[in-house]
Amino acid sequence: MKLLFAAAFALFVLSTFDKADSSAYDKIVAHSRIRARKEGPNVCALQQVMGTQKKYFSTCRNWYQGAICGKKATVLYECCPGYMKLDGMRGCPAVAPIDNVYGTLGLVKAISTQRYSDMSKLRPEIEGSGSFTFFAPSNEAWELLDEEMRNALVSNVNIELYNALHYHMANKRFLTKDMKNGMTITSMYNDLGLFINHYSNGVVTVNCARIMHGNQVATNGVVHVIDRVISAVGNTIQDYIEVDDDLTTLSDMARDSGLLDKLGQPGQYTLFAPTNEAFDKLGKDVLERLMGDKDVLRALLNFHLLNSVQCAEAIMTGTSYETLEGNNIEVGCDGDSLTVNGIKMVMKKDLVATNGVIHLIEDVLMPDSAKQVMELVGSSQSTFGDMVSELGLSAAMRPEAEYTLLAPFNTAFTDEVMSMDQRFLRIILENHILKHKIVLGQLYNGQRLETIGGKFLRVFIYRTAVCIENSCLVRGSKEGSNGALHLMRTLLKPAEKNMFEILTGNGGFKIFLSLVEAAGLTDLLKQEGGFTLFAPSDKAFASVSERELDLLKGDMNALRTVVLYHFNNGVFIGGGLETGVTNLLKSLQGSNLRVLFANSSMQVNSVQVPESDIMATNGVVHFVNSLLYPRDIPVPSQYLLGLLKRLITYIQIKYAPDFEYKEIPLTFMKRIITRVVQEVPETKVTRVISGDSTVTKVTRVIENDPSFTKVTRVIENDPSITKVTRVIESNPSITKVTRVIEGDPSITKVTRVIEGDPSITKVTRVIEGDPSITKVTRVIEGPQYSVSSATSNIELEGADLSHVTTIEGNTQLLDLDSERITKFIQEGNPRRIPGRRYPAGTRRRTRLAHDRKQE
């Protein structure tokens with residue numbers, strides 16, 4: 001028993017090591033054996049492309065599709081490598097005999113290679129001692145070789161044919177599991193390299209020739225049958241494009257962009273090389289633009305370059321590959337032809353270089369990064385692109401400027417839209433073109449994007465969507481050389497009115513507006529912010545009378561509970577909600593709204609939303625025909641319960657006589673501060689200096705028409721409004737301020753004269769609020785006639801005033817220049833400017849203050 005267990009364990013360990021050491025080729029062969037197990041032992045299932053001799057150990061995808069490179073494939077059953085049939089027995093029960101390399105060529109039916117080995121005097125070498133790897137071209141491979149080249153080889157058998165066969169050999173045994181992707185095997189001809197690629201689909205190539213039948217072990221090596229005759233390789237990709245007359249444009253562009261040297265360095269590259277004719281198709285203007293921008297040129301060429309070797313024979317289906325530019329291209333096949341992005345454009349394939357492979361193509365691959373912004377418009381947005389051009393918007397876009405296109409799908413342009421006046425349609429399209437280049441990663445919630453029409457669009461970021469105003473982005477954003485393009489589901493409809501204006505303008509929400517007003521929440525509909533409102537129409541209240549509604553209005557806490565349950569602090573549009581699941585939105589009342597978006601329609605608390613996504617400057621409004629009520633809030637009044645039951649039918653409202661509605665803090669209400677300044681239309685300041693031997697006189701005159709300067713600061717909040725008004729009124733047409741300095745050796749006299757018609761300059765501060773009004777009045781009265789003395793009389797009205805600053809009677813203020821005096825009058829001065837002391841005999845100043853408390 002112990003010996004049996006040890007043997008089983010040894011087999012397990014050996015099989016594990018064998019699997020760990022197996023290659024993609026070996027795994028594909030093993031799978032082929034499994035598929036053919038019903039045919040007997042050691043039988044492999046292969047796929048052969050109809051109409052060709054091509055046979056493959058196929059991948060699972062190709063097997064179940066029944067096609068290779070888009071062509072139907074039939075299933076063949078053959079002996080797996082190393083096995084053979086016996087007459088009268090199922091499957092392939094016999095192990096193929098082991099012979100030297102020459103004899104093995106006959107076993108694998110590489111008869112042409114075996115014959116050429118005889119002709120070139122190679123036979124003694126491959127029959128003798130050693131350890132060789134022979135990549136033997138199949139009979140069909142020799143037939144596919146250019147006849148002139150084949151004849152040249154055969155006519156000079158002692159040199160050229162011998163060297164050619166030696167290039168197919170290595171002086172060491174390499175099984176497919178030893179052949180790693182990207183490795184180079186030294187050949188027996190001048191030590192030139194054989195370039196190996198081992199792909200995940202099981203294909204192994206040597207110089208892009210596919211191994212059709214591998215691992216046929218010989219006494220002195222191993223034989224692999226390949227599908228073409230290979231040629232010695234000594235040039236890099238750079239060497240090739242520099243000498244090919246069909247690639248001069250590509251060579252010039254590679255040199256100008258600084259990429260030519262890169263193509264001469266060691267690596268594993270695939271270059272899809274456009275010919276000169278391919279570049280000519282672009283037109284002279286496009287070529288000049290490309291050649292004039294080094295970054296764009298580099299992006300263009302990198303888009304044709306892969307950082308891996310993709311031989312044509314390894315491509316069995318369309319596969320996406322990342323280019324050095326950063327974006328992907330799809331390389332596929334259609335029969336014997338290679339395709340790029342689904343288009344047959346490969347003229348010549350598998351030009352092998354020491355650092356990769358070249359495929360010549362007849363069209364230039366234009367990456368988005370090398371395109372102008374209007375070139376980013378695809379076929380699904382062609383209507384948008386056509387209309388932008390027809391209405392002259394594309395012509396107005398400056399080539400040196402950057403833009404972003406918000407391109408709706410063609411389906412967004414309905415007959416109704418297309419029949420609009422072109423002036424209005426142009427305005428709509430202007431809303432879809434942004435002034436700056438904004439890529440997807442730069443968008444953030446609350447961002448404001450300016451259009452070429454001067455309007456601003458808001459950005460909303462959700463868990464599974466990015467939306468701009470009422471429309472959400474679709475996957476497929478593009479970035480060009482001077483702009484970006486984002487795909488939009490629908491036409492954008494920027495907000496022009498706030499919620500209050502939308503509801504009043506509609507005319508069908510009078511009852512809800514009356515409830516909002518009774519709750520003292522009208523300003524919520526007007527204030528700036530971002531809210532979602534499910535607005536019940538007048539249809540929702542059809543079953544109740546105005547008298548019954550007055551009952552609800554009589555309980556402020558109950559009324560606000562109902563009204564605020566319809567608001568959510570955030571902007572949620574239909575396209576931004578996750579489809580097919582319940583989205584919980586917390587209302588301003590505190591309970592959750594349950595919103596479901598499916599099949600392009602919206603429900604809130606199982607109530608259908610007939611019209612959604614009406615964008616407002618302060619949020620979004622969704623219309624409903626039912627009043628909403630939080631299911632977790634009971635009703636304490638039987639009468640109110642009866643009222644709500646008639647209004648709300650989608651839930652069973654609970655009755656709880658001991659329950660009391662709580663006051664909801666209105667923290668979401670904003671304080672609005674407004675300052676309005678009306679300037680004096682014209683102010684003239686004159687300074688006159690005159691003098692003689694004894695008098696120096698300086699006159700400063702401020703002249704202006706009777707004017708009114710008003711500064712208003714409004715602070716609004718709920719439940720009261722506080723208003724502060726500062727008014728400065730001036731009546732006289734001419735106010736003249738004269739400063740006279742007269743002096744002699746012993747006397748210095750300073751006189752300040754204020755002249756003007758009998759006037760009153762009055763500064764009033766009014767603070768109004770609910771439920772009380774506090775009024776503060778500051779009065780500055782001038783003299784009834786001109787005097788040389790200066791006296792200030794200040795009347796104070798109101799409470800809690802710590803100080804009052806006067807214009808007359810403040811000596812420091814009187815010394816200010818005209819601009820500062822004007823600024824003082826217009827803005828007021830909250831600080832008392834301390835007076836300066838004067839020697840005895842100078843002017844005396846008196847300040848009188850009276851405080852009166854308003855009842």
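Which residue forms a disulfide with Cys208? In this predicted model, in which local features need pLDDT of at least 70, side-chain atom pairs count only at pLDDT 80 or more and totals for chains, interfaces and linings use all residues, the partner of Cys208 is Cys311, with the two sulfur atoms 2.0 Å apart. Residues are numbered from 1 along each chain as its sequence is written, and side-chain values use heavy atoms, with hydrogens and water left out.

The protein contains 25 helices and 47 strands; helices (H or I, at least four residues) and strands (E, at least two) are DSSP runs, numbered from the N terminus. Of its 855 residues, 46% are buried, where buried denotes under 20% relative accessible area, exposed over 50%, and partly exposed the range in between (1.4 Å probe, protein chains only). Among contacts (heavy atoms within 4.5 Å) with a separation of 6 or more, 62% are between residues 24 or more positions apart.

The largest nonpolar core has 62 residues; such a core is a set of buried Ala, Val, Leu, Ile, Met, Phe, Trp, Tyr and Cys residues joined through side-chain atoms within 4.5 Å. Leu503 and Phe567 touch the most other members of this core. When neighbours within four places in sequence are left aside, the contacts of Phe567 include Met499, Phe512, Leu524 and Leu588. A second, separate core comprises 28 residues, among them Cys69, Cys311, Val331 and Leu338.

Five disulfides were found in the whole structure, a disulfide being a pair of cysteine sulfur atoms within 2.5 Å. With bonded cysteines counted along the chain, the pattern is 1-4, 2-8, 3-5, 6-7, 9-10.

The link of Cys208 and Cys311 is left-handed, with -70 degrees about the S-S bond. This pair links distant parts of the chain, 103 residues apart: Cys208 lies in the loop between strand 11 (204–206) and strand 12 (209–218), and Cys311 in the loop between strand 15 (305–306) and strand 16 (319–322). Cys208 counts as buried because its relative accessibility is 3%, and Cys311 is likewise buried, at 0%.

Cys69 is joined to Cys333 by a disulfide with an S to S distance of 1.9 Å, and this link is left-handed, at -90 degrees. Cys69 is buried at 8% relative accessibility, as is Cys333 at 14%. The disulfide of Cys44 and Cys80 (S to S 1.9 Å), by contrast, is right-handed, with 110 degrees about the S-S bond. In this pair, Cys44 belongs to strand 1 (residues 43–49) and stands 36 residues apart from Cys80.
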